[in-house]
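Please look over the sequence and the model before reading on. The report below goes from the whole chain to single residues.

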Amino acid sequence: MRQILQRMGERVAWYVGSVMGDRDYERYLQHHAAHGDSTPPMSERDYWRHRWDHVENNPQGRCC
């Protein structure tokens, strides 16, 4: 029973992390590598800065 609860907790944590964007930088790196871009990928800090700048400059889909 304990293993089942632990697995459920891990899955819930994975889901919440995915919804909140915790794995977005990892997916960006995978996409960058898969498409053979010749430029080096952005650092994680630059990635988040670029992403949030984009969100602030293009507010569609936000409630406020």
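The chain has a radius of gyration of 16 Å, whereas a compact globule of 64 residues would have one near 11 Å. This radius is taken over C-alpha atoms, and the globule rule is 2.2 Å times the number of residues to the power 0.38. This is a predicted model, in which local features need pLDDT of at least 70 and side-chain atom pairs count only at pLDDT 80 or more, while totals for chains, interfaces and linings use all residues. Residues are numbered from 1 along each chain as its sequence is written, and side-chain values use heavy atoms, with hydrogens and water left out.

**The whole chain**

Along the principal axes, the C-alpha atoms fill a box of roughly 50 × 35 × 20 Å. The chain holds 3 helices and 0 strands, and its elements run α-α-α from the N terminus on. Helices (H or I, at least four residues) and strands (E, at least two) are DSSP runs, numbered from the N terminus.

The accessible surface is about 5900 Å², and 56% of this belongs to carbon and sulfur atoms. Such areas come from the Shrake-Rupley method with a 1.4 Å probe; for residues, only the protein chains shown count as cover. Of the 64 residues, 11% are buried. Buried means under 20% relative accessible area, exposed over 50%, and partly exposed in between (1.4 Å probe, protein chains only).

| Residue | Relative accessibility | Class |
|---|---|---|
| Asp24 | 7% | buried |
| His32 | 11% | buried |
| Arg45 | 62% | exposed |

Asp24 is in helix H2, and His32 also lies in helix H2, which covers residues 24-34. Arg45 is found in helix H3, residues 44-57.

What does His32 touch, leaving out residues up to four places away in sequence? His32 touches Asp37, Thr39, Pro40 and Pro41, where contact means heavy atoms within 4.5 Å. The His32 side chain makes a polar contact with the side chain of Asp37 at 3.5 Å, and reaches the backbone oxygen of Thr39 at 3.0 Å. A polar contact is a pair of N or O atoms within 3.5 Å; within protein, one must be able to donate a hydrogen and the other to accept it, and residues adjacent in sequence count only if both atoms are side-chain atoms.

The side chain of Asp24 makes a polar contact with that of Arg27, at 2.8 Å. Not counting residues up to four places away in sequence, Asp24 touches Tyr47, Trp48 and Arg51.

**Rings**

The whole structure has 4 aromatic pairs, and ring pairs link Tyr25, Tyr28, Tyr47 and Trp48 into a cluster. Rings of Phe, Tyr and Trp (its six-membered ring) pair if their centres lie within 6.5 Å.

Key. Rings of Phe, Tyr and Trp (its six-membered ring) pair if their centres lie within 6.5 Å; planes under 30 degrees apart count as stacked, over 60 as edge-to-face and the rest as tilted.
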